[in-house]
Amino acid sequence: MSNIEQPVYLEEKLEEIYDSGRLDYRSKSFPTWCPGCGYFSIVEGMTTAMNNLSIDPDETVVVSGIGCASRFPFFVNTYGFHTLHGRALPVATGIKVANEKLTVIAVGGDGDAFAIGGAHIPHAARRNVDMTYILFDNGIYGLTKGQTSPTSVLGFKTSTSPFENHDAPLNPLMMLLSYGAAWVGQAYAGHPHHLAKMIEQALAHRGFSYLHVLSPCVTFDKTTKTYKNLGMSVRELPEGHDTGDIMAAMAQARITDTLALGCYFKELRPTLGDGLSDITRRAQGKEKDNLRKHDKPKKSRTNSATKVPRRRAAV
Amino acid sequence: MARAQKKSTDIQIAICGSAGDGTIAAGDILKRAMAKAGYKVIAFDVYPPEIRGFGKCISRVRISSEQTYSLKPLSDVLISLDDSHAIPHVVEVRDFGAVIYEDTPVSMVPEGAHISGHLLLTHLPYGVPFRELSEQVTSSARSRNIAAVGYLAGLYGMPRDVFYGVISDKFSAKPASLTQINIQAFDAAFEVGRDTFRLDEGHLNPPPSNARNGDLMMMSGNGAIVRGCMDAGLDAFFGYPITPATTIMERLASELPVKGKTMLQTEDEISAISATIGAGYAGVRAATATSGPGFALMSEMMGLGAMAEVPAVIFVSQRGGPSTGMPTQTEQSDLNIAVFGSAGDSQRVVLAPTNVEGCYKCAGKAFEIAERYQTPVIVLLDLYLSNRYEAVELPAKNPFKENCSKPVGKLKKDQTYHRFEITKDFISPRAIPGDKGYRHVVTGLEHDEKGRPRDQTHQKMSQKRHEKLLSVPRLPNINMSKRFGDKGKVDVAIIGWGSTFGEILEAMIVARTEGIRCAAMKVVLLSPLPLEPINALLNDSREVLVPELNYEGQFANMLTGATGRSVTRLNRVPGTPMHVQDILDEIRRLAGKKPGKAKGRKRLAAE
């Protein structure tokens, strides 16, 4: 089942990859994932996206928690911080607060994010920390050799659920939409080109962007989220989907028997950095002058909100 | 305690009332005014964990011309703003001390409910109509607490002018008429006090002529921490509210943005320490503050900080534990978790100041140490130290260094940067995100010199993380330990840490006047221990006493473990500061003297 129309020659393809400059974003470490793991395409997607956006790797930090997905920082050639289980987001927040200029990318798996780290997501989202959170969802704990996770399907048999999983899975997209995340999208590791585009959009968005990446665990899940099953259940968002309409986004996120790929929702609103500079202005008494000048408190507030974004949105 | 001698002053005033009476405010005005007048002041407030609901508030202020180190167990004056709360504290007034109380209650008082029926024969009663005084001048009873302070000031001949300034400052945010009203109430009561026939012999001598008026600032332990942070150039603070550390966060919330810096209230303590570590990794000076329960949550991140070699400063103001424990009572029981609390061999630096000035120094130094040694530094405070006020003089010139990080050298061609390079002093040159060409990954996994996960390097890297800290006790410009008292051989050595050291010093001074050869040592650096001076003192002494406010003797355990010397423990967990008398009795016992008849009355269980 291939839709390749013309033959691809390895040498030409390699030359193309070398010429693109994408490999500069790959580290020399060899990924520790199992052959066939969906996460390889996330590394490819990330390097492609960063290359396309010309992001300076010296000014980029990839922060992760613990798990298969969290080994990610070792495989890209940027600054990286492999932290504790569930704590990627608060560490990333600290980094962003310390140096606004850095491009901060947090990565993690479904257990890392929604089990142990669940308390941190709403707060990173509501503060609108200007960073990208890429979540690798394979519905299983891989690094501890196959236990149920918060996104495991009902009836899933694992070493910790020998009599089938009875805990209903979470709906991460619904959660993120209701937390107020400023950019919410979904991609699938089996569609690497689309994945790369989605990562590019998420990186380019100014504010907290959340990309949910569906991926199979080829070693410990032979029955539920396999390439075959995921490949059959993914679909495109309906034509004319309005990314500014949160209710439309939620309606799509509610449908879980088929999984829509693409950008569900996006909005531009003041980020944590904007808020902090506003606090500084007020503390230094500059806000008062502003008020006197315009005599309209509303105006000064919108001024701070629409600071020129550092990166231009790619879409 | 020695009675106030001629020309010198040593008066301790306790103001006791119900929450809402303005007890703490009255104490605040008194201590600030006296510090302004040039006296040495130590003050400590006790208040209930509830905001409303008639809890007991006590404000104790010790005013002296010589430097003192703790509060006295017996006060010279007790002012009662609420008799039901003040009656149990009558026994804490010394013989021939004064009790000042409301003598015209607003309604019928049931038998035994008025304080005058509870005074001892040796107490001197001063009945004053605070309420009436306040109502006459201000047509409201709300300035009752100010009237009480005014009466006291008149009675003891305190300088009037300084109070005006302090009262104006206190109400500066309120309408000007309020300041006027309170000054009127103060004045009216001052005159009544001045014209009162004095019964007691205690009086306020003018402050020593060498006292520098105005140079001394009234400052709490937490206030000094904030000053230290600001002077050390703190860039980002992350915190979650918890008694008694919250005031650090509150003050920084208004001070940091003025300098263009950041204070962020996080969703929990885990997030607070995580963001602190994150900011430290990104190369700025970052800190968080918490108390025992929050610190317990932070301990996993402390391990990451040690493993990934990231600087961070954590202020821990201890309270009664375990668990939620006693949120508004003091204790020194988080030493174990501060020194050992994390998975694995997680070496870190722990500093514990013993007084308010020490809070300032330790706060600033903590940033230097964290940056230099690339590791989390804990500054251990406790509620008694966080909330107690002392008149301190801070250095005019900022004493803290700006950047203590070990810089990276220029890389040769084809040379890769090794984040965890093992050097002579075991400290690796540190690059931060944004530095061109020094890209690396730090991790909580055991790693090699490049930072790549590797188990085989564990022995070598454990040694690196351990040995790099061994030079901390020899750092200049800060006393990691200090010996006081007799030099050479002594009968009793008292070793202490944290806020309890004030009481230890007072007890030692009294013991020496009784002819006991003794020395006291404060240990500021609790990890790694400054063993050289500690061993020197242990070798000099016949008996060693370790008083501390925890049940198990956590510091005594550490000392015994590190030196092999068995020590005598004095452990108390009343939730209040250690009593000088208890330490003194123990010194006398160890010195082979019969416990002498305590001057003043034996303390009764009042709190």
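This is a predicted model: local features need pLDDT of at least 70, side-chain atom pairs count only at pLDDT 80 or more; totals for chains, interfaces and linings use all residues.

Visitor: Why does the radius of gyration of chain B agree with a compact globule?

Guide: The radius is taken over C-alpha atoms, and the globule rule is 2.2 Å times the number of residues to the power 0.38. For 607 residues the rule gives a value near 25 Å, and chain B has 26 Å, so the two agree. Along the principal axes, the C-alpha atoms of chain B fill a box of roughly 90 × 60 × 45 Å.

Visitor: How many helices and strands does chain B have?

Guide: Helices (H or I, at least four residues) and strands (E, at least two) are DSSP runs, numbered from the N terminus. Chain B has 18 helices and 21 strands.

Visitor: How many residues of α1(B) are buried?

Guide: A residue is buried if 20 or more other C-beta atoms, placed from the backbone, lie within 10 Å of its own, exposed if 12 or fewer, and partly exposed in between. In α1(B), 12 of the 14 residues are buried, among them B:Ile29, B:Leu30 and B:Lys31. Of the 607 residues of chain B, 54% count as buried. After α1(B) comes B:Gly38, with a positive phi near 105 degrees.

Visitor: Which element of chain A gives the most residues to the side that touches chain B?

Guide: Two residues are in contact if their C-beta atoms, placed from the backbone, lie within 7 Å. By that rule, 35 residues of chain A are in contact with 40 residues of chain B. The element that gives the most to this side of chain A is α3(A), with eight residues.

Visitor: What joins β2(A) to β15(B)?

Guide: Two strands pair if DSSP finds at least two bridges between them. Here three bridges join β2(A) to β15(B), residues 441-443, and the strands run parallel. A:Phe81 stands opposite B:Val442 in β15(B).

Visitor: Why is B:Glu191 classed as partly exposed?

Guide: B:Glu191 is partly exposed because 14 other C-beta atoms lie within 10 Å. This residue lies in helix α6 of chain B, residues 176-194. B:Glu191 and B:Leu155 are 36 residues apart in sequence and 8.6 Å apart in space, C-alpha to C-alpha.

Methods: Residues are numbered from 1 along each chain as its sequence is written. Chains are lettered from A and ligands numbered from 1 in the order in which they are written.
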